[in-house]
Amino acid sequence: MINHAIRFGPHVEAARNAGAPIVALESTIISHGLPRPANLTVAKEIEATVRAAGAVPATIGMIGGEIVVGLDDAEIGHLAASDDVVKLSVRDLAPAAATRADGATTVAATSAIATRAGIAVFATGGLGGVHRGAASTFDESADLTALSRLPITIVCAGVKSILDVGATLERLETLGVSVVGYGTRRFPGFYLTDAGYDLDWSAGDPEAVAEIIRASLTHDLHRGALVVANPLPVGEQLDPALHDRVLAEGLAGLERDGITGKEVTPYLLSHFHAATEGRSLDVNVRIILRNADLAARIAAAL
């Protein structure tokens, strides 16, 4: 019989006992989101950024079928180096646990585990969303429905610009997911500072975000997530003209190679990395480090 209880890393267990601020971190960025060896280097930088901003990092993943909240250095290194790491959404957690798989958690799975573990704030790069052409393929990320039922605050750079951003915002509205721009009333597009869509609400500092979270907890009327959309400064975004050209090429490649489903995002991110000669990777790293810093400050403000 396999023990299917969630295991907490010692540093996270100590933070829980002390009531210290904790920030959840996903592991797919380690296994599937960044190339080696940058993935391991960046994973360590993310955790260091959270600590420097006054919170405890809890990188979440699965080792040998066991869900771990707060992977240690060796476990992170294993997920970064292994070719057999499964990408785990919420629906995959039980089968992966039963087969003792090593797995990296998506936004949806990380959000579910973090909520179960009592962690209120989660930092990621960009959310999944509605894919281009979803009207015929019905292809949209499980992130969206997960966020509709999980009371967690997610700091991100909007949704990945490779998606249908407008349709994703419509789905978030329909699903009752609150979206707040951090220092802006415009929705960011991951690599791009501005994806071209207005937001109804904004917050100017971590304390303002914390106050929104407190209001939601006090009301106890809504179980959905709060998305804090944290745009890159204009000078740090990927050149928009380069972005649009590379995206068009990548979308044509999807069509040519018949790539669909959960393979779409890794394909396009890899294409961006190659076609921009690493510039998109630099932007990706800046995004996650900025979001880790802000998430830690929000957690501390709570």
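Helices here are DSSP runs of H or I with at least four residues and strands are E runs of at least two, both numbered from the N terminus. This is a predicted model, so local features need pLDDT of at least 70 and side-chain atom pairs pLDDT 80 or more, while totals for chains, interfaces and linings use all residues. Residue numbers start from 1 along each chain as its sequence is written, and side-chain values use heavy atoms, with hydrogens and water left out.

**View 1. Asn284 sits in helix H13 (residues 279-301).** Asn284 counts as buried because its relative accessibility is 8%; the cut-offs are under 20% relative accessible area for buried and over 50% for exposed, with partly exposed in between (1.4 Å probe, protein chains only). Skip the neighbours within four places in sequence, and Asn284 is in contact (heavy atoms within 4.5 Å) with Gly33, Leu34 and Phe190.

**View 2. Phe190 belongs to the turn of a hairpin made by S10 and S11.** Strands S10 (residues 186-189) and S11 (residues 192-198) run antiparallel, joined by 3 bridges; pairing takes at least two bridges found by DSSP. The turn has 2 residues, and Phe190 shows a positive phi of about 65°.

**View 3. Val69 is among the residues with the most contacts inside the largest nonpolar core.** That core has 62 residues, and Ile119, Leu127, Ile154 and Phe187 are also on the most-contacts list. A core here is a set of buried Ala, Val, Leu, Ile, Met, Phe, Trp, Tyr and Cys residues joined through side-chain atoms within 4.5 Å. Helix H6 (residues 107-116) gives the most to this core, 6 residues. Beyond four places in sequence, Val69 touches residues including Ile6, Phe8, Val12, Ile60, Ile113 and Ile119.

**View 4. Thr105 is in strand S6 (residues 103-105).** With 1% relative accessibility, Thr105 counts as buried. Among the residues it touches, leaving out those up to four places away in sequence, are Glu26, Thr28, Ile60, Leu88, Thr110 and Ile113.

**View 5. The lining of the largest pocket takes its largest share from H10, with 6 residues.** A pocket is an open set of points on a 1 Å grid over the protein atoms alone, where a 1.4 Å probe fits, with protein on both sides within 12 Å along at least five of seven lines; lining residues have an atom within 4 Å of a point. Of the 37 lining residues, Val177, Ser178, Val179, Ala225 and Leu226 lie nearest the centre.
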